[in-house]
Amino acid sequence: MSDLETRPPAADAGNGLKRNAIGTGGIAFLVISAAAPLTVMAGVAPVALGVGGIGAPMGYVIAGAVLLVFAISFMAMTKHVKAAGGFYTYITLAMGKTVGLASAILAIVSYNCLQIGVYGLFAVQTQAMLHTLFGLDVPWPVVALVAIAAVWFLGYRGIDVGAKVLGVLLIAETAILAVMGVGILARGGAQGISFSSFSPEHAFTPGVLAILAICFAAFMGFESTVLYRREARNPDKSVPRATYIAVGFMSVFYAFIVWTVIQAYGDGNVVEAAGELADGMFFATINQYVGPWAEVVMYVLIVTSVYASQLAFHNAINRYVYMLAKDGVLPAFLGKTHPKYKSPHRAGQIQTVLAAVVIIICAIAGADPYKQLLIWVNTPGIFGIVALQGLVSVAAFIYLRRNPAAVTNRLIIPLTIASAVLLFGVVALIAINIELLTFADALTNTILLLVAPLVFLAGLLIARGLRTNRPDVFSRIGSFESHDS
């Protein structure tokens, strides 16, 4: 099916998602919030500094550059594909319905791994905040279950309400990081301002290459801009703009913040400080350079940062499920939207129940909310999403070769090739350096790495089964529906 072919409006067209609900800013807030800037900085950047040394800021620059190349090739295809199925639609259009459905299933599983796993981080950070500020000790499963209910509530109320809340939270969390960075520079750091982080001898070391998995994890969710096409105002412009804004902002901002933290301790001391302070590094830093009040604010905002991430991923998952239900692959009731809020509320209810069940099982099993729930559950999601990004790059190359009229610049096709090579290279780096993400034994790491390929294989088998036994459903795979229908 070409990009000019669309389906007629469905009989229940009034059941669709809310149109013209969000613009460029709203979409950008949604996807940047999914990455949770304050969380990935305060919670994970110390690990990047400990392994990558003073060259760590370049890890984020490299990751951003690779994802910018991906975004250019991805958006080149987006301009000509009037559909809202995200990776699902793009891969189906170029590589066929079997691979497309397998990709959709992998996307749903991967996003669920990212979303549900982060409830462990939310619980840990909220526990720390409640204990530090109020002296309260609340069991982590209780905190996580309350968060699940809060995420469900805003997801239920619709994308425009969620985008407004995420916008406020995102501005607040980036502001506190910026205040810390400016405070460090204003006081000249520990030993004066140094730019050694960006010199070749520090920027391209084995340590920096080793932390690329951590750096790419900091961008998770930016690629979901296309999922909001049907709800966007002027999507042909707002979706690409939001994608480039998200990638550009995160790359520059992450590198800047990590570089300023290096200045806070000095080139020769920051690795030791990262090892000793671990996830308390940013709190200690802002206390020293800005003041105790700022540390208190950061404790509060890191909780809202994780919440914003949860809501953004919740919305993305629900839209994948909604599209598969509209195509007949999943039960039809999941393809219904709320009569008032136009949210895919039934898909949201299922995702909420799934998250609650996982949390309860982990609690009963005595799992550690940070190590087992966050790290181990998140890792297959990171691996799966980066692999899907590589697959979308291949899909973009195939599509543009088949549709020369869509090639508006002679560099586009070479960029799609470069994007695929780079992203699959990152997949290999994640596999090679997985212990830096999990700190687990070889057997556990092997199991975590096998999740994504096994899910993809299961998706291929499901698609083949539909092709044989339910050809009518198989023919609908891809969510090829006009944006204007």
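Hi everyone, let's start with some rings: Phe70, Phe74, Phe87 and Tyr90 are linked into a cluster by ring pairs. Rings here means those of Phe, Tyr and Trp (its six-membered ring), and two of them pair if their centres lie within 6.5 Å. Planes under 30 degrees apart count as stacked, over 60 as edge-to-face and the rest as tilted.

Before going on, a word on the source. This is a predicted model, where local features need pLDDT of at least 70, side-chain atom pairs count only at pLDDT 80 or more, and totals for chains, interfaces and linings use all residues. Residues are numbered from 1 along each chain as its sequence is written, and side-chain values use heavy atoms, with hydrogens and water left out.

Back to the rings. How many aromatic pairs does the structure hold? There are 14. One of them joins Phe283 and Tyr299, stacked at 4.3 Å centre to centre with 15° between the planes. Phe283 sits in helix α13 (residues 281-289) and Tyr299 in helix α14, so this pair ties together parts that are 16 residues apart in sequence. Helices, by the way, are DSSP runs of H or I with at least four residues, numbered from the N terminus. Phe283 counts as buried because its relative accessibility is 3%, and Tyr299 is buried too, with a relative accessible area of 14%. The cut-offs are under 20% for buried, over 50% for exposed, and partly exposed in between, using a 1.4 Å probe and protein chains only.

Now the core. The largest nonpolar core has 162 residues, and Met41, Tyr60 and Phe282 have the most contacts inside it. Helix α14 (residues 292-326) gives the largest share of this core, 20 residues. Such a core is a set of buried Ala, Val, Leu, Ile, Met, Phe, Trp, Tyr and Cys residues joined through side-chain atoms within 4.5 Å. Leaving out residues up to four places away in sequence, Phe282 touches Met41, Ala42, Ala45, Pro46, Leu177, Met180, Ile257, Val261 and Met298; contact means heavy atoms within 4.5 Å.

Next, please find Pro380 in helix α16 (residues 369-402). Is Pro380 buried or exposed? Buried, because its relative accessible area is 6%.

Last stop, Asn269, in the loop between α11 (235-265) and α12 (270-277). Asn269 counts as partly exposed because its relative accessibility is 36%. Its C-alpha atom is 9.5 Å from that of Ala190, 79 residues apart along the chain. Thanks, everyone!

Key
Helices (H or I, at least four residues) and strands (E, at least two) are DSSP runs, numbered from the N terminus.
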